Amino acid sequence: MEMTRRQEIMAMLRDGEWTLDELARNFVVPRKIIIDDLEHITRSVAPPSRLVIYPPTCDHCGYRFKGRARFSDPSRCPQCKNEHLLPQRFRIE
Ligand SMILES: [Zn+2]
């Protein structure tokens, strides 16, 4: 049986950590499509598993994003305005 894109993303996230860009490139779809998929997946992952967001740490000032619930990458550091942040990563734990 062929897996849907969302099923494939879920399988990938169970195996390792992925960024929004990596997932979009892998499936050759716009990032917005992946964000929609992730919003769907986060509601359909059965506890105690959950979709976890690993936010970046600002390498300029060391700021750490806490408790991020958005799937789009943060565009800049709220503390020092650094716009060169690493992408956040996702994983199902
Ligand atoms: Zn910063």
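Student: Before we start, what should I keep in mind about the model and the numbering?

Tutor: Residues are numbered from 1 along each chain as its sequence is written, and side-chain values use heavy atoms, with hydrogens and water left out. Because the model is predicted, local features need pLDDT of at least 70 and side-chain atom pairs count only at pLDDT 80 or more, while totals for chains, interfaces and linings use all residues.

Student: OK, which protein atoms are the donors of the zinc ion?

Tutor: They are the SG atoms of Cys58, Cys61, Cys77 and Cys80, which lie 2.3 to 2.4 Å from the zinc ion. Donors here are N, O and S atoms within 2.8 Å of the metal (3.2 Å for Na, K and Ca), and water is not among the atoms, so sites may look incomplete.

Student: And what spacing do the donors follow along the chain?

Tutor: The spacing is C-x2-C-x15-C-x2-C.

Student: What arrangement do the four donor atoms make?

Tutor: The arrangement is tetrahedral, because the angles subtended around the zinc ion are 103 to 114 degrees. The rule is that four donors count as tetrahedral if all angles lie between 85 and 135 degrees. For reference, the ideal angle at a metal is 109.5 degrees for four tetrahedral donors.

Student: Is Cys58 buried or exposed?

Tutor: Cys58 counts as buried, because its relative accessibility is 2%, whereas Cys61, at 32% relative accessibility, counts as partly exposed. Buried means under 20% relative accessible area, exposed over 50%, and partly exposed in between, with a 1.4 Å probe and protein chains only.

Student: Switching to charges: how many salt bridges are there?

Tutor: The count comes to six, where a salt bridge is a side-chain nitrogen of Lys or Arg within 4 Å of a carboxyl oxygen of Asp or Glu. One of them joins Asp37 to Arg6, with the closest N and O atoms 2.9 Å apart. That pair links distant parts of the chain, since Asp37 is in helix H3 (residues 31-44) and Arg6 is in helix H1 (residues 5-15), 31 residues apart. Helices (H or I, at least four residues) and strands (E, at least two) are DSSP runs, numbered from the N terminus.

Student: How accessible are Asp37 and Arg6?

Tutor: Asp37 is buried, with a relative accessible area of 1%, while Arg6 is partly exposed, with a relative accessible area of 29%.

Student: What about Arg89 and Glu17?

Tutor: Their side chains meet in a salt bridge with an N to O distance of 1.8 Å. This pair also links distant parts of the chain, with Arg89 in strand S3 (residues 89-92) and Glu17 in the loop between H1 and strand S1 (18-19), 72 residues apart. Arg89 counts as partly exposed at 33% relative accessibility, and Glu17 is partly exposed with a relative accessible area of 32%.

Student: And how are Asp36 and Lys32 placed in helix H3?

Tutor: They are separated by about one helical turn, because they are four residues apart in helix H3. Asp36 counts as partly exposed at 33% relative accessibility, whereas Lys32 counts as exposed at 57%.

Student: Back to the helices: at what angle do the axes of H1 and H3 cross?

Tutor: The axes cross at roughly 75 degrees and come within 10 Å, where axes are lines fitted to C-alpha atoms, for helices over the stretch in contact, and angles run from 0 to 180 degrees between N-to-C directions. H1 and H3 are therefore roughly perpendicular to each other, a label that covers 65 to 115 degrees. The residues making the contact include Arg6, Ile9 and Leu13 of H1 and Ile34, Asp37 and Ile41 of H3, with contact meaning heavy atoms within 4.5 Å.

Student: Last topic, the backbone: which peptide bond is cis?

Tutor: The peptide bond from Pro47 to Pro48 is cis, with omega near 10 degrees, and Pro48 is found in the loop between H3 and strand S2 (51-54).

Student: What about phi at Val28 and Lys81?

Tutor: Val28 is not a glycine, yet it has a positive phi of about 50 degrees, and Lys81, also not a glycine, has a positive phi of about 70 degrees. Most residues other than glycine have a negative phi. Val28 sits in the loop between helix H2 (20-27) and H3 and is exposed, with a relative accessible area of 72%. Lys81 is in the loop between S2 and S3 and is partly exposed, with a relative accessible area of 46%.

Methods:
Four donors count as tetrahedral if all angles lie between 85 and 135 degrees; four count as square planar and six as octahedral if opposite donors are over 155 degrees apart and all others between 65 and 115; anything else is irregular. Angles under 35 degrees count as roughly parallel, over 145 as roughly antiparallel, 65 to 115 as roughly perpendicular and the rest as oblique.
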